[in-house]
Each structure stands twice: as C-alpha cells, then as structure tokens.
Amino acid sequence: MLTLTDQNFQTEVLNSKKPVLVDFWAPWCGPCKIMGPVVEELAKEYAGKPVKFGKMNVDENSAIPSKFGVMSIPTFILFKDGKPVEQFVGVQKKEYLQKKLDALIK
Amino acid sequence: MENLIIIGSGPAGYTAAIYAARANLAPILFEGTEPGGQLMTTTDVENYPGFPKGITGPELMVIFKEQAERFGARIMGEIVTKVEFGNPSPQPSPIKGEGANGNSPPLVGGVRGGGFKVWANEKMYETRAVIIATGASAKRLGLENEKKLYGKGVSACATCDGFFFKDKTVVVVGGGDTAMEESTFLTKFAKKVYVVHRRDVLKASKIMQERAMKNPKIEFIWNTEVVDVLGADVGHVTGVVLSPSPQSPPIKGGEDLKNSSPLVGEARRGGTSRTLPCDGLFAAIGHEPNTKIFSGQIELDQKGYVVTRPGTTMTSVEGVFAGGDCVDFKYRQAVTAAGTGCEAAIDAERWLEAQEG
C-alpha cells in the first residue's frame, strides 16, 4: 500500500506502468474508516498481480484531489496509463472493487 | 444450524449482539451496506448517556463493535441479500402448536425454532432465530441530476465532505434535526449555507433550531423546494433550481411532493422558479427503512417499517425479531435503537429457550 502525496503522485500513479487504485480518504470520515481495511485486504490479495494500491489523505494533500475533482470521500479512482478510468464514491462492496480490478488487469 | 443471526450493525444490531453473545448464543451479525449505520456519518453525539463530553458517531460505533466482539459475537462484513422465513426446512422432530406464549399463532412449519434461511454473498445460513436491525437510510431528493452529480458537489455525508466546501456556498434541504446539524457543521467551512425547507416552520428540536438560527452564515429559504441540480454539463454542482413548495402556501392543482419527478419540476418552473448558484447540495429530508428484502416475508406497514407485536419485539413471524429504526419511525435515537436491540436479544433468547421445552 503506497502512501500517496501531491509530490509523489506523478511518479507513483500517473507514470506507473501498472494500473493503480487510489483511495482518497481523511481521518475524520466515518465511511473512510470502513473502507480503509477493505483496501488493505485487496492490496494483500492482489500482491504479485499487475496492479498497485495507494491511499491519499485529502487533509494533507489538496492539489491532486482537486485536480481530479474529488469532492466526496471516500472516493476511489482507478488509474490506467496515467488516466482515471473508473471512479467510485462512498462505501463500496469489496466484491465490486474486485470485479473492476479483475476486468482491468485481464 | 446457527442459533441467532442479527442483520444490521447500528446501535440496535450491536446491542442485540452484545446481549445475545453474553447469553452464549454465539450470534452472527451481518454488517450490511452501511457498517455502523447512520451514526457513521454524524458528528458529535451529545445525547448518548455515559458520554458527558460527547463522542463522535463513528467513535461510538467502534466501541459498540468492540464490546460485541469481546463477548464472542461473530461480526461479518457481508450484506444479506435474501431471506426465507416462511418455509423453514423440515426438522427431525417437529413440535406442533404454540410458541413462547399461548396467544401467539402456531409456529410456521411447526419446527423447533427456526429453520430460517439467510443468504449473504450467495452463501446460505440456516438459523433458529433472526433479529432484524437494518435501520433506515437517508432519503435522496430523487432528481436525475442529483444522481449524476453525486460525489461532485452532491453529498450524502456532510461530516465527510464539508471540508471540500471551504469558502464556498452550499444548500441544505430539510427542516429536521439532521438538516440543522448539517447546516451548522457546514458553516465551519462554507462561507454561506442556505437551508431550503418546504414549510415555514422547522421540525427540528429547539436547541438545534436555535443553534442554526443564531448562526450568521445560515440563511433560511422557506416554503421552497429544490427541483433540479445544475452543473451536470461541467461535471460539478454550479447551482440549484428552486420552486415554491406546493404544500405551503397551497397552490391550486399543485402536485403532491412525492410526485416531484424531474418532469414535474420542469412543469413547475414556469415563472416562479429561480436559480440559486451554489457549489454543494446536502439533502436531509428524512429516512426510509431498509426493509425491502423482508417484503413478503414478514408484515411491514405502508411505509415499509417492520410491524412488531404489541409489547414485544417479535415480528409477524415467530422467531423473527426486530429492533431499532427499521421498526421505530417515532423516536429514532441511538439510545432507543440500542434499547430495542437489547429487547430483541432478550426476546430471542427467551423464545429459543422456550423452544427447547
């Protein structure tokens, strides 16, 4: 699980050869607390597969969230080849995220 | 077969789990689509006894969960998608006749407590008893553009998203406690908060009303509805369309509020409607019970709330109990939900005991 910042986002996500699932969260957000462990689990389950996982604290980083129009948290954006291809807002079922990830890395 | 399955993870579900676990029923609790329930999106809970300094909703729910786990409740992240209460599978030694008390109708299928089926993630669980604690969820306005702009200025969680509206203008729809709480909270960030309410009086409690009324950043817009959200073309909310509420003052031929489909909104707009530029929209217009999966399985009232037998938490089906906001449309408090969750666990425990004969 990568800790993403406004500074490393270009290198870790936009320049990444693998797709990246980014979890935009903040410590004060209840639903984010539910999704945090889900994304951690996914990161473990997809270890070794061609996909990366990262989380960005929107309280500490504002340039990237605003660039990608994040106005609700948790928001999850799937990046591929430096571009956002899917975006999910709010609590998501783990299976749903799995399905989207599987479709992307096949 | 399980002894007890609890569906829902708000104060009612977790309290039922605490009591049932302490009664050695080893309950399973399915958390569902909104783990922790409505309190996960609230700010400070100032009226839950035992927390004189207040506690945040999410913190309170973490403690509830810990307490349930401490006594051995099995908490599962799955979502219950289907239940079958009516046709319990045959049991080896069926007993006929009455349930826990003489006045109850005969046991469905005449089986020894349960044989109820609950599906979570395609997996079927059989259980002797069930507690429904699925609560209620916030209603949305039901506008097409509201859906399109969800997460782009339209928010379902003021505490999560208020932060994104620093020095911006937001609209809160509603006149109850939630609307007052959210508007007051949003003034921490927003430069201006409009509260749009379809009546000319608030339903909110006095203390919440006063707090909002005193706040210089909050302005009330009375007798008005939001009939459209603008900004879908640019990808974020730029404003809302307001229209006089048909309810108050009454307009001849005015449609019922429930019928405020986009088309009706469109039709209403002529002349009297106006655009209010804003960056965010929060709806706090009440709740609806999360009981769709129980339709046809137990008795629900017209609005979808679970009907329980007078003086107990038992539903129309023996062995199926219910507590919290899926039953209660009147009080709807964390502490009352916890209270009825406790009742449901005690009722379930006694009923299961009675089945042992």
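**Reading the features**

Modeller: N121(B) is partly exposed, with a relative accessible area of 31%; the scale calls a residue buried under 20% relative accessible area, exposed over 50%, and partly exposed in between (1.4 Å probe, protein chains only). This is a predicted model, in which local features need pLDDT of at least 70 and side-chain atom pairs count only at pLDDT 80 or more, while totals for chains, interfaces and linings use all residues. Residues are numbered from 1 along each chain as its sequence is written, chains are lettered from A and ligands numbered from 1 in the order in which they are written, and side-chain values use heavy atoms, with hydrogens and water left out.

Colleague: Which value of phi does N121(B) have, and where is its place in chain B?

Modeller: Most residues other than glycine have a negative phi, and most peptide bonds are trans. N121(B), however, has a positive phi, near 50°. The residue sits in the loop between β7 (116-120) and β8 (123-132) of chain B; helices (H or I, at least four residues) and strands (E, at least two) are DSSP runs, numbered from the N terminus. D167(B) is another residue other than glycine with a positive phi, near 60°. D167(B) belongs to the loop between α4 and β11 of chain B and is exposed, with a relative accessible area of 59%.

Colleague: Which residues does K191(B) contact beyond its neighbours within four places in sequence?

Modeller: Contact means heavy atoms within 4.5 Å. With those neighbours left aside, K191(B) is in contact with D167(B), K168(B), T169(B) and K217(B). K191(B) itself is found in the loop between α5 (177-186) and β12 (192-196) of chain B. Its C-alpha lies 9.1 Å from that of I218(B), although 27 residues separate the two in sequence.

Colleague: Against which elements do the buried residues of α5(B) pack?

Modeller: An α-helix has 3.6 residues a turn, so residues three or four places apart point the same way. In α5(B) the buried residues are A179(B), M180(B), E182(B), S183(B), F185(B) and L186(B). They pack against α4 (158-161), β11 (169-173), β12, α6 (206-214), β13 (218-221) and β17 (280-283) of chain B.

Colleague: How many helices and strands does chain B have, and into which domains is it divided?

Modeller: Chain B has 8 helices and 19 strands, and 53% of its 357 residues are buried. Of its contacts between residues at least 6 apart in sequence, 65% join residues at least 24 apart. An automatic or database domain assignment supplies the domain bounds: domain 1 comprises 2-137 + 287-356 of chain B, and domain 2 comprises 140-283. Six residues on each side are in contact: 6 residues of domain 1 of chain B with 6 residues of domain 2 of chain B. Buried area is the accessible area (1.4 Å probe) that two parts lose on being put together, summed over both; between these domains of chain B the value is about 480 Å², with 45% from carbon and sulfur atoms. T41(B), T43(B) and E46(B) supply 73% of the area that domain 1 buries against domain 2, more than any other three residues.

Colleague: How many salt bridges does the rule find across the interface of domain 1 of chain B and domain 2 of chain B?

Modeller: A salt bridge is a side-chain nitrogen of Lys or Arg within 4 Å of a carboxyl oxygen of Asp or Glu. The rule finds 1 across this domain interface of chain B. E46(B) forms a salt bridge with R211(B), the closest N and O atoms being 3.4 Å apart.

Colleague: What area is buried between chain A and chain B?

Modeller: The buried area is about 1600 Å², and carbon and sulfur atoms give 65% of it. W28(A), I34(A) and M71(A) lose the most area in chain A, together 37% of what that side buries. The contact takes 19 residues from chain A and 21 residues from chain B. Across this interface the rule finds 0 salt bridges. The largest share of the side of chain A that touches chain B, 4 residues, comes from α2(A).
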